[in-house]
Amino acid sequence: MDSLIINGGKKLIGDIPISGSKNACLPMMIASLMTDEKVTLKNVPLLSDVKTLISILESIGTNAVYINKNLSLHTKEIINHRASYDLVKKMRASFWVLAPLLAKSGYAEVSLPGGCAIGTRPINLYLKILKEMNINYTINNGYVVAKREGPIKGINFKLEKKSVGCTHFFLMLASLANGTSKLSNASCEPEVIHLGSLLIKMGAKIKGLGSKKIIIEGVEKLNSITEIIPSDRIETGTFAIAVSATGGKIKLENTNYEENKLLFNILEKTGSIINKSKNSISIEKTHNRINPANIKTSAYPGFPTDLQAQIMALMTISNGKSEIKENIFENRFMHVQELVRMGANIKLDKDRAIIKGVKQLNGADVMATDLRASASLIIAGLVAKGITKISRIYHLDRGFYNLDNKLNNCGASIKRISE
Ligand code: UD1
């Protein structure tokens, strides 16, 4: 198992190319199952989540070829309708293959994803969509076994809670349904727009992407497409927070300002200078003072839960008291105890973390508990005095492409060791 050894206290200075977005790439890969023609995705980050999904798609019958960031996926025929627990448990998003399997071939057995470190993560809303669309299902030995007799029924549906995954799921099913579907209280995250735009280019008829109401007119068939995976807004945000903590200046290349507008506003208030140009953003921190901030996570365009752990690392060394409220996942504070081990002063009160800034974090042995928590500990390690060892770094490799090397290219001292 790999660990990272960070020698903290160095400023970050340099340019960082931002990779393709994991959370955009995964549903776009899954959508390739909706056509029997070839789908080519460019700028694909070869993360362990992407590799896991390639294995799932291959087990279903996809011919997958990855060369130099280009991934071609061609599923002439679905040969296996089952996505097994061994693979789905590694990554929840793989549960979404249920939608194209049902839409294309009418039958699917997909393992329940189960809970994870950040909360229970139920699938009740997915099951409601299936029921409304006239798709029969049972839950058998930990699998959702679903079958449709006849075409999928186009429906009007209101999500009782905003869910990115359910919005992806609905878009895929409704695109090949009989008739028109309307989804109310849809998620507006950029990844929904990216998936929807891909489907439109494949021949789907979708209106209202990026708004709370999406209207989808079902079509009979979708076609081949070549598409570029857009930049990763969470990776962008993570580096922006890192340099705001360490000081220095970095230029983030091939990325998008608008998708992280709220974060950049917050970082300006904490004391960083942000400059944007067409495809790049520079973040500069020239002094030691970090102003505290109060943050609530919420659905887009609110503050992303996927940056909550990272911004908390910055707040641990602010000049005052900050409060972070986590509104999306009920147990997404696993990083708190690890930050406390490094000298942070954080008190938890249900879904709120109260952080009193300290002058200095100190290096310690800590453990990554989930994907975004690992990035938080790296930021803490970069600013801490002395050596920080972060174990269980496989969480990081699920969703950040080459993060340690990109930071080292900007002056950080991070070594990866295998034990
Ligand atoms: C996606 C992202 C994840 C991000 C999250 C919220 C991917 C691969 N993952 O996850 O990185 O943190 O959006 O922005 O894109 N819920 C229910 N019932 C359901 C489904 C969801 O109660 O049937 C709840 C969840 O427990 C959570 C909330 O809805 O409290 C939002 O979760 P959701 O948007 O569905 O997250 P994911 O799509 O799984």
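Where is Ser 318 found? Ser 318 is found in the loop between α10 (308–315) and β19; helices (H or I, at least four residues) and strands (E, at least two) are DSSP runs, numbered from the N terminus. The model is a predicted one, in which local features need pLDDT of at least 70 and side-chain atom pairs count only at pLDDT 80 or more, while totals for chains, interfaces and linings use all residues. Residues are numbered from 1 along each chain as its sequence is written, and side-chain values use heavy atoms, with hydrogens and water left out.

Ser 318 is buried, with a relative accessible area of 4%. Buried means under 20% relative accessible area, exposed over 50%, and partly exposed in between (1.4 Å probe, protein chains only). Not counting residues up to four places away in sequence, Ser 318 touches Ile 290, Asn 291, Pro 292, Gly 357 and Val 358; contact means heavy atoms within 4.5 Å. Between Ser 318 and Ala 93 there are 35 Å in space, C-alpha to C-alpha, and the two are 225 residues apart in sequence.

β19 pairs with strand β18 (residues 294–296) in the parallel sense over three bridges, and Lys 296 has Lys 325 in β19 as its bridge partner. Two strands pair if DSSP finds at least two bridges between them.

Next come the nonpolar cores. A nonpolar core is a set of buried Ala, Val, Leu, Ile, Met, Phe, Trp, Tyr and Cys residues joined through side-chain atoms within 4.5 Å. The largest has 76 residues, and those with the most contacts inside it are Met 29, Val 97, Leu 98, Leu 173 and Leu 199. Leaving aside neighbours within four places in sequence, Leu 98 is in contact with Ala 108, Val 110, Leu 130, Val 144, Ala 146 and Phe 169. Apart from this core lies another, of 65 residues, including Leu 12, Ile 16, Phe 239 and Ala 380. In soluble globular proteins, nonpolar side chains tend to be buried together.

Strand β9 (residues 143–147) is mostly covered, with four of its five residues buried. Strand β7 (residues 107–111) runs antiparallel to β9, and five bridges join the two; Tyr 107 stands opposite Lys 147 in β9. Strand β8 (residues 136–140) also pairs with β9 in the antiparallel sense over five bridges, with Tyr 143 in β9 as the bridge partner of Asn 140. β8 and β9 form a hairpin with two residues between them, and Asn 141 in the turn has a positive phi of about 45°.

An open sheet of four strands has the order β2-β15-β17-β16, with mixed pairing. Its edge strands, β2 (12–17) and β16 (273–276), each pair on one side only. The twist averages 10° from one strand to the next. β16 and strand β17 (residues 280–285) run antiparallel and are joined by four bridges, with Ile 273 opposite Glu 284 in β17. α8 packs on this sheet, touching β2, β15 (248–253) and β17, and its direction makes about 170° with that of β15.

Helix α8 (residues 233–246) also packs against helix α9 (residues 261–270), at an angle of about 5° and with their axes 11 Å apart. Axes are lines fitted to C-alpha atoms, for helices over the stretch in contact, and angles run from 0 to 180 degrees between N-to-C directions. That makes α8 roughly parallel to α9 (angles under 35 degrees count as roughly parallel, over 145 as roughly antiparallel, 65 to 115 as roughly perpendicular and the rest as oblique). Thr 236, Gly 237, Ala 240, Ile 241 and Ser 244 in α8 meet Leu 263, Phe 264 and Leu 267 in α9.

Four strands form another open sheet, in the order β22-β23-β1-β24 and with mixed pairing. β22 (365–367) and β24 (414–418) stand at the edges, each with a single partner strand, so one side of each is left without a neighbour in the sheet.
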